[in-house]
Amino acid sequence: MMPHARPTEYSAQYTRRRVLQATGAGLALAAVPAVPAVAHAQTVTNSSSTTNTLTIDALPSARTTELDRTQDSLSASELRTTGFYLPASTALNVVVHTGLVPTLVIGAPDADARADFKSSREYPLQAGRNTVTDAGGGVVYLKLIGDSGRAKVTIGEQAQPMPYFVLGCTGEADFQRQLDERTTPYVEFVSPHAMITVERASALTYRAENHTDLLATYEDVIRVEDATSGYDGSAPVHARLVHRYHFVGYPSAITGVGAYATHGHMSFPPPIQDRMLTVEGLRTRGWGIYHELGHQHQQITYKPSSLTEVTVNIYSLAVNAVFATKYGQQPRLHAPDAKTGRTPWQSAPGKLRSPGVDYGKTFDPYEKLVMFEQLRLGFGDDFWPRLHQLVRVERPYAGDYTDEVLRLRNLVVLCSRNAGHDLSDFFRAWGVPVDAEATAQLAARHLTPPTTDPSTIRE
């Protein structure tokens, strides 16, 4: 299933939206620092000795600074996990010690079914003692935006410790005790690059899972997509994000929507949480998870609104390829269609160069992905990482996501430059428009067609 929702860009509305392992696709990430962790007892000791004092480092804004660096469409989360929950209408004492002053945030985004508390609420703090009361209650977070410095904060005992699993720190037996002893409405799982917030009922449904394996798999998924995005640490502009990706369990099904991504988080309703919260589901049936995470990797420059639900699956396919080898997941483009019995690799090529071929109308959602796989197969597993890096370095004009002409032109020109060949005939074969301006830009760079027509490539 390919999740759908309404597209946006640089706004707070909803959007619809291989590591290429060294042993798999030949690309590995350089070592880069882990995302800064929240320093408090829940991350370093067992559940019997929690403390409410936390220290966090300032991080650049995910919504502005990091989006500008990455040239991505959607941001990761600016929320800093604490492991605590605040009951509704409870006065919470918060003491800000020496250092920077953070913002207190109550409520995981989209975690509450009540319309009034669907969005997180922010409370600016001041140095010293603060008292905050939130009518809805929810998971407690901090936010600290800046270039340097840190904050030390004590969360009052009115906040309740949640069941809280931190990869590499929490043992399974301890976590199971937490699930029994801590009855907060939410449970949170944390790894260096992921934060997963779900309702207690969902966590209990899948409590028998090996949560170390689950979170390690999330790290694999993110590592693959980060590598596909060219986050190899070869230069500061190509470093991995300093913020976590936030996966949130939405409390109820959404009519016509399987899941969605927006700035700061991705939402997954109960019908697909088995893929979100089980090791087997994430490893063998997790396309929807990879897909939504892919939205937080898409670059804006070559993504008109018509391709929002297409280029996102460059990242899904990358995870699918690694997990096909590692866990036996079926390669998506080799899966037969339920109606025709033909795979996308079997059905799509025959439509190329047909009269009136139109990329947007001639091909079904999975057939469209064959075009992108032909580019990867024709020009190397590093084709997409190199393209992402090119865009981050040169920062081509992206216009607006509704500017179909500009962004499709960017797709043709940037892919051609990345390949070192004029790919206009290839794109025309697929029914992608190549306008006079694209032709002129390619001619100005003296690019020539490739010796092998990539549209003839088959896997």
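Predicted model: local features only at pLDDT ≥ 70, side-chain atom pairs only at ≥ 80, totals over all residues.
User: Which residues of α13 are buried?

Analyst: Helices (H or I, at least four residues) and strands (E, at least two) are DSSP runs, numbered from the N terminus. In α13, which is mostly covered, 11 of the 13 residues are buried, and among them are Glu 367, Lys 368, Met 371, Leu 375, Arg 376 and Phe 379. After α13 comes Gly 380, with a positive phi near 110 degrees.

User: Which residues have the most contacts inside the largest nonpolar core?

Analyst: In soluble globular proteins, nonpolar side chains tend to be buried together. A nonpolar core is a set of buried Ala, Val, Leu, Ile, Met, Phe, Trp, Tyr and Cys residues joined through side-chain atoms within 4.5 Å. Here the largest such core has 42 residues, and those with the most contacts inside it are Tyr 359, Leu 375, Cys 415, Phe 427 and Trp 430. The helices that each supply at least two residues of this core include α10, α13 and α15, and the largest share, seven residues, comes from α15. A second, separate core has 37 residues, including Val 319 and Val 322.

User: What is Phe 427 in contact with?

Analyst: Contact means heavy atoms within 4.5 Å. Leaving aside neighbours within four places in sequence, Phe 427 is in contact with Met 371, Leu 375, Leu 411, Val 412, Cys 415, Val 432 and Val 434.

User: What does the count of disulfides come to?

Analyst: A disulfide is a covalent bond between the sulfur atoms of two cysteines. With the cut-off that the two sulfur atoms lie within 2.5 Å, the count comes to zero disulfides. Another cysteine, Cys 169, is partly exposed, with a relative accessible area of 41%.

User: How does the span of α10 stand against the one expected?

Analyst: The expected span of a helix is 1.5 Å times one less than its number of residues. With 15 residues, α10 reaches 19 Å from its first C-alpha to its last, close to the 21 Å expected. The buried residues of α10 include Tyr 315, Val 319 and Phe 323, and the helices that its buried residues pack against include α5, α13 and α14.

User: In what order do the five strands of the open sheet stand?

Analyst: Strands of a sheet pair through backbone hydrogen bonds, either parallel or antiparallel. Two strands pair if DSSP finds at least two bridges between them. In this open sheet the order is β5-β4-β7-β2-β9, with antiparallel pairing. At the edges stand β5 and β9, each with a single partner strand, so one side of each is left without a neighbour in the sheet. Between β4 and β7 there are four bridges, and the partner of Ile 106 in β7 is Val 140.

Methods:
Residues numbered from 1 in each chain as written. Heavy atoms only, no water. Buried < 20%, exposed > 50% of the residue type's maximum accessible area, 1.4 Å probe, protein only.
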